[in-house]
Amino acid sequence: MEPFRFQVLARAGRARVGLLQTPHGPVETPLFMPVGTQGSVKGLLPKDLQAIGSQVLLANTYHLLLRPGPERVRALGGLHGFAGWRGPWLTDSGGFQVMSLGHLRRIDEEGVVFQSHLDGSLVRLTPEKSIAVQEALGADLIMAFDECPPYPSSREYLKASLERTLRWLERSLKAKTRPDQALFGIAQGGTDPELRALSTRETVRFGLPGYAIGGLAVGESKEEMFPMVALSTEILPEGKPRYLMGVGHPEDLVAAMGLGVDLFDSVYPTRTGRFGSALVPEGRINLKNAQYLGDKRPLEEGCDCYTCQTFSRAYIAHLVRAGEMLGGILLSLHNLRFLHRLTEKAREAIRMGTYGAFAQEFAERRFGKEVPLWFREAMAAGGHW
């Protein structure tokens, strides 16, 4: 049997439910992937992640290259053995750090030279090196090396960047040796519709197992972002998984799932938790606020996570104000479960053919009477409203 297969099981408008087969088990899409940058989702045990419905974890090529080093991870069983998560892993390529560490890097045709944020040493990352690191880490899903251009960028820069990313994709594909890893290409183009369409079409020509929509959620407005998502999913093939990189706000997931996106990742739910806030259907609540110190309710009524089943807002507010690490842990656990439940409900609604009603109910709780135009337009483009 092929190590990777993707099958669309149900559709509602452009939204779809899929089954992605990987060497470490099948996963249902659409899904949200918790980010474990250093091979660890901050504050959470693998068994806790499994209990809340996590299916795939994401780790970071650049950071694991610096420490502990890919060969050490390989020698200790790859990410699956080293980090104790036996389900599927996805590793990024280091391309996002080309943007996020812009003050510490230099780009040329060969690749990128980073100045390590740990000790200042110079680190060269090329398409070939990125693939070699990801092969040593042993993730199921790996990403081609790319440049995520900053926002805003000139049209000339975006065009030159996406053309270089396509050349790097070709080199990434040539460098790949492991048949048990699926290489995803990353389309760029910023918020320029013509360049976004060009990059997506040229990336699809490589006939890869899956495709990512890169270079969004990097500072642009929702009004700029979602037409690019809609354009991308129109071009990307129906029979391959689609991954919107770095997106984790609940309203963004609902809009993008409605447009046919299958995979998401973001540090947002865990970072928000460490900063003392909980995701709820109405948005976020900040547990640092004094109003929660006597609140006996759970973070979210009806939530089935351990945090909501066990503790009150008052206790968590106390932990947050006291600087106790348990506060961030409990909030991170809930926030991830919130996003997993959101995708679970979305899958159910797609199977029932009621995604539009699901999104309407979500929007009324999240936004009230004034549902923003970008969300309504995404729902219309997806064939739901």
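Which residues in helix 15 meet Trp374, Phe375 and Met379 in helix 16? The close-ups below, all taken from a predicted model, start with that contact.

**View 1. Helix 15 meets helix 16.** From helix 15, the residues Tyr355, Ala359, Phe362, Ala363 and Phe367 meet Trp374, Phe375 and Met379 of helix 16. Sorted by class, this contact has eight nonpolar residues, with no polar and no charged ones. The two helix axes come within 11 Å and cross at roughly 175 degrees. With angles over 145 degrees counted as roughly antiparallel, that makes helix 15 roughly antiparallel to helix 16.

**View 2. The buried face of helix 16.** Let's stay with helix 16, residues 373-381, where Trp374, Phe375, Ala378 and Met379 are buried. Looking down the axis of helix 16, you will find these buried residues within an arc of 135 degrees, so they line one face of the helix. An α-helix has 3.6 residues a turn, so residues three or four places apart point the same way. The cover over the buried residues of helix 16 includes helix 9 (222-235), helix 10 (250-258) and helix 15 (355-367).

**View 3. After helix 16.** Here the residue to look for is Gly383, which follows helix 16 and has a positive phi, near 80 degrees.

**View 4. Helix 13 and its neighbours.** Helix 13 spans residues 313-322, and its buried residues are Arg313, Ala314, Ile316, Ala317, Leu319 and Val320. Their packing partners are strand 16 (283-286), helix 12 (306-310) and helix 14 (325-352). Helix 13 is followed by Gly323, with a positive phi near 70 degrees.

Notes. Residues are numbered from 1 along each chain as its sequence is written. This is a predicted model: local features need pLDDT of at least 70, side-chain atom pairs count only at pLDDT 80 or more; totals for chains, interfaces and linings use all residues. Side-chain values use heavy atoms; hydrogens and water are left out. Buried means under 20% relative accessible area, exposed over 50%, partly exposed in between (1.4 Å probe, protein chains only). Helices (H or I, at least four residues) and strands (E, at least two) are DSSP runs, numbered from the N terminus. The arc is that of the directions from the helix axis to the C-beta atoms. Contact means heavy atoms within 4.5 Å. Axes are lines fitted to C-alpha atoms, for helices over the stretch in contact, and angles run from 0 to 180 degrees between N-to-C directions. Angles under 35 degrees count as roughly parallel, over 145 as roughly antiparallel, 65 to 115 as roughly perpendicular and the rest as oblique. Ala, Val, Leu, Ile, Met, Phe, Trp, Tyr, Cys and Pro count as nonpolar, Asp, Glu, Lys and Arg as charged, and the others, Gly among them, as polar.
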